[in-house]
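Here is my note on the two-chain entry you passed on. Please read it with the structure open beside it.

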Amino acid sequence: MSMYLEMIRVRFLMMLAYRTNYYSGILIYSINIGAYYFLWSAIYGGKEEIQGLSVAQMTTYVAVAWMARAFYYNNIDREIAAEIKDGKVAIEMIRPYSYLGMKTMQALGEGIFRLLFFSVPGMIIVALTFPVSFDASLTTWMFFFVSLIFSFIVNTHINLLTGMMTFFLFNNTGLIRAKRVVIDLFSGLLLPISFYPDWAQGLMSYLPFQAISYVPSMIFTEGFVGQEIYNALLLQAFWVFILLIPIRLTWILAKKHLIVQGG
Amino acid sequence: MFNISLFFQYASQYLKTRLTYRVDTAIEILSDLLFQAVNLIFILIVFRHTSFLGGWNRDEIIFIYGFFLVPYALFTSFFNIWDFNDRYIVKGEMDRVLTRPVHSLFQIIMERMELESLFGVITGLVIMGYASVNQGLTFAWYDVLIFMLMVIGGAFIYAGIFISIATIGFWSDSRTDIMPMMYNISNYGRYPVNIYNKVIQFVLTWILPFAFVGVYPASYFLNKEEWYGYAFFTPVMGILFFGVAILLWNVGVKKYRGAGN
């Protein structure tokens, strides 16, 4: 256990050493939030609300979705792909810890770093520039954080699976890119799921992606109320456990299948 | 003549490397298509809930997006210069490029080309075709020539901006994150500029003229006469920005000291 805590700490310190990269990252996220702010203002035109969300809620939705992304987003799929390609994964496999566990802990270190040094200052900048309301009640904040942790785990699960596909595809950049695009669209980062036509909403309810961005953002903007919050959290928890199965199976299969291409 | 044959040799080498990992190449093209589809889906879904976006209707916005894809595809196929600083300056690869008897920028363009991005041209044409049929647009024969001029102008604007930023590497090899920032700003150009406030409109027109890659030239084909002045300015902006970029490059190369070992 202390070993894994140490991994989180080391990754956190590593990120801290390169923190200057993150100042521009905050600016990039602000630029994106700004673009969507103007776009949504134009989309609403004079309308009071669309699908139960007002313009103010929509702006908050966009801002929270991007700031939450800073926490759950990580590049471990890319890292795993690189370590498989250069053969480092063979060394990692004989070490006395779980390789996938280590990757998850590194991602968590990165996520905590981004949450503190990226989301928090970013939120302040965005709150000053755009009409965003962060005055949610204490219970809403609490539900939001629980949901954020689940969204981190679901996203990391999906990243582990994508990364492990390198064992079978050898060169994996295409799939990693495709996964990113699918997550941006189906997780509710770009559009709230409730905006989609019914058949698409039905389809997406069978996929794990809305557990990543739609649920925490809707909880924060109070688009979900009462029982809906618990249902959404249960859905996230469900995916957290279900995705463990394909991860286990892929890992077992991958160990038998391992071909080191170099190193 | 020599440069042209060199170009085809590089292109054939490139295809060989891509065909080594066929499945991956196929997935990469698919993921490009997916990426283009996502933006289209965004527009389609948004227009389920509204009928106008800053005075433009659904098919016009789709047309603008389709148009944008064509110069953008040319840009991403031939001007992959976003990691110039890391790849060429910090690692010292620029030394190798400079010892060869071909213009350094031309070599880098060839080394870094990604021909599979050209699929974006087809996607763009299909999307534009769909939007034109929907609103019954008609085109004259000379519109084809104007289209090509506008597309080249747009690609040159993109190339000009990104090459200019890459030349910063000649003066300072410290890491900057201006490149990814530019990619994000460039997304603003896909939508009508009149939805933004005055400051952003000015920036998108004269400082980082991404509006000339989407909405301005497309408005010519959509018969939006109030924007014609801007539309016909597209090739001029392209030549201007590309010219400045080459000038900066040529000055910058002389300043290059070499950072690798």
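Predicted model: local features only at pLDDT ≥ 70, side-chain atom pairs only at ≥ 80, totals over all residues.

1. Chain A, overall. Chain A is built from 13 helices and two strands. Its radius of gyration is 19 Å, close to the 18 Å that the globule rule gives for 263 residues, so chain A is as compact as a globular protein of that length. Along the principal axes, the C-alpha trace of chain A spans about 60 × 45 × 30 Å. Of its 263 residues, 43% count as buried. Among the contacts in chain A with a separation of 6 or more, 82% are between residues 24 or more positions apart.

2. Chain B, overall. Chain B has 13 helices and zero strands. The radius of gyration of chain B is 19 Å, close to the 18 Å from the globule rule for 261 residues, so this chain too is as compact as a globular protein of its length. Taken along the principal axes, its C-alpha atoms fill a box of roughly 60 × 45 × 35 Å. Buried residues make up 35% of the 261 residues in chain B. For contacts between residues at least 6 apart in sequence, 79% join residues at least 24 apart.

3. The largest nonpolar core. This core has 119 residues, and the members that touch the most others are V62(A), I219(A), Y158(B), A159(B) and F162(B). Helix α3 (residues 58-78) of chain B provides the largest share of the core, 13 residues. As for F162(B), its contacts beyond four places in sequence are with F79(B), I81(B), W82(B) and M182(B). Another core lies apart from the largest one and has 17 residues, including L160(A), F167(A), L175(A) and I176(A).

4. Packing of α2(B) on α3(B). At what angle do the axes of these two helices cross? Helix α2 (residues 22-49) of chain B and α3(B) cross at roughly 170 degrees, and their axes come within 10 Å. An angle over 145 degrees counts as roughly antiparallel, so α2(B) is roughly antiparallel to α3(B). From α2(B), the residues involved are Q36(B), N39(B), L40(B), I43(B) and F47(B), which meet R58(B), I61(B), I62(B), Y65(B) and L69(B) in α3(B). The contact has seven nonpolar, two polar and one charged residues.

5. T76(B). Is T76(B) buried, exposed or partly exposed? T76(B) has 19 C-beta neighbours inside 10 Å and therefore counts as partly exposed, since burial requires 20 or more. Leaving out residues up to four places away in sequence, T76(B) touches E114(B) and S117(B). T76(B) and Y21(B) are 55 residues apart in sequence, and their C-alpha atoms are 20 Å apart in space.

6. Positive phi values. Most residues other than glycine have a negative phi. Two residues deserve a look on this account. E222(A) has a positive phi, near 60 degrees, and is not a glycine. E222(A) lies in the loop between α11 (214-220) and α12 (227-242) of chain A. With 15 other C-beta atoms within 10 Å, E222(A) is partly exposed. In chain B, N223(B) is likewise not a glycine and has a positive phi of about 60 degrees. The loop between α12 (215-221) and α13 (228-255) of chain B holds N223(B). N223(B) has 11 C-beta neighbours inside 10 Å and so counts as exposed.

Definitions and conventions:
Residues numbered from 1 in each chain as written. Chains lettered and ligands numbered in written order. Helix = DSSP H or I, 4+ residues; strand = E, 2+ residues; numbered from the N terminus. Rg over C-alpha atoms; globule rule 2.2 N^0.38 Å. Buried ≥ 20, exposed ≤ 12 C-beta atoms within 10 Å, placed from the backbone. Contact = placed C-beta atoms within 7 Å. Core = buried A, V, L, I, M, F, W, Y, C linked by C-beta atoms within 7 Å. Axes fitted to C-alpha atoms, helices over the stretch in contact; angles between N-to-C directions. Parallel < 35°, antiparallel > 145°, perpendicular 65-115°, else oblique. Nonpolar A, V, L, I, M, F, W, Y, C, P; charged D, E, K, R; others polar.
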